[in-house]
Amino acid sequence: MCPDTLADPSALDGERPEPLKPTREQAVDAVRLLLQWAGDDPGREGLLGTPERVVRAFEEHFAGYHVDPVALLQRTFEETDGYDEMVMLKDIRFESHCEHHMEPIIGRVHIAYLPCNRVIGISKLARLVDVFAKRLTIQEKMTAQIANTLDEVLQPKGVAVVIDAAHQCMTTRGVHKPGVSMQTSRMLGVFRTDPTTRREFLAMLNLPGLGVPGNV
Ligand SMILES: [Zn+2]
């Protein structure tokens, strides 16, 4: 078991108390306070509806907290007529928010797996990306979560996930470096142990840089 799992108290006793959820009204008030803190007047006409709109946007941006990723993938198909080649979904666009600055992370996810009797509907792969993207996260964690969930539910011969994304916390603030993108990958099973399978996947993605030993 990895140290992260052990460090999570809920993994040991399942009794971590639910954090108190503020009311919607309190959330609207909090946004109003931030507007005031930024130096504006939340009472002026243009800003009157803004706190309510921001709270609605939060509901959309962070809808992933209310979806169980494992339950989402529950329906798998076993009538594959022995299909045992790679299944790949490329260029799944996502929008997320970094947990350090709450700034947008915008990019693409590429997912592949080598099935072992079981496959999943491709729209489910796209929805799985959204479950983890619509939370506060970091790209590394999101990459691992997508790969680990697929591995757990499908129990395939291998899973590969690559994410390529731009982080607005570094393009529009902080170091201000536009045009920079970050690449992360997680390879499980044969994608990790078999260089030929990994190469085949990376060739399909056209990202040969990730094939360099030690870079995966
Ligand atoms: Zn950030």
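Analyst: The largest nonpolar core holds 31 residues, and those with the most contacts inside it are Val109, Val129, Ile146, Val159, Ala160 and Val161. A nonpolar core here is a set of buried Ala, Val, Leu, Ile, Met, Phe, Trp, Tyr and Cys residues joined through C-beta atoms within 7 Å. A residue is buried if 20 or more other C-beta atoms lie within 10 Å of its own, exposed if 12 or fewer, and partly exposed in between, with C-beta atoms placed from the backbone. Two or more residues of this core come from each of β3 (104-114), α6 (122-133), α7 (139-154), β6 (158-167), α9 (190-193) and α10 (195-205). Helices (H or I, at least four residues) and strands (E, at least two) are DSSP runs, numbered from the N terminus.

The model is predicted: local features need pLDDT of at least 70 and side-chain atom pairs count only at pLDDT 80 or more, while totals for chains, interfaces and linings use all residues. Residues are numbered from 1 along each chain as its sequence is written.

For the protein as a whole, there are ten helices and seven strands, and 23% of the 216 residues count as buried. Of the contacts with a separation of 6 or more, 67% are between residues 24 or more positions apart. Contact means that the C-beta atoms of two residues, placed from the backbone, lie within 7 Å.

Not counting residues up to four places away in sequence, Val161 touches Val109, Ile111, Thr143, Ile146, Ala147, Ser185 and Arg186.

Two of the contributing helices also pack on each other. Angles under 35 degrees count as roughly parallel, over 145 as roughly antiparallel, 65 to 115 as roughly perpendicular and the rest as oblique. The crossing of α6 and α7 is right-handed, that is, the near helix is turned clockwise from the far one by less than a right angle. On the α6 side the contact uses Leu128, Val129, Phe132 and Ala133, which meet Met142, Gln145, Ile146 and Thr149 of α7. By class, this contact has six nonpolar, two polar and no charged residues. Ala, Val, Leu, Ile, Met, Phe, Trp, Tyr, Cys and Pro count as nonpolar, Asp, Glu, Lys and Arg as charged, and the others, Gly among them, as polar.

Pro69 touches this helix pair. Pro69 lies in helix α5 (residues 69-72) and is buried, with 20 other C-beta atoms within 10 Å. Leaving aside neighbours within four places in sequence, Pro69 is in contact with Leu128, Val131, Phe132 and Thr149. The C-alpha atoms of Pro69 and Val153 are separated by 9.7 Å, although the two residues are 84 apart along the chain.

The axes of α3 (residues 24-38) and α4 (residues 50-61) come within 8 Å and cross at roughly 120°, so α3 and α4 are oblique to each other. α3 passes α4 in a right-handed crossing. The residues of this contact divide into seven nonpolar, one polar and three charged.

Definitions and conventions:
Axes fitted to C-alpha atoms, helices over the stretch in contact; angles between N-to-C directions.
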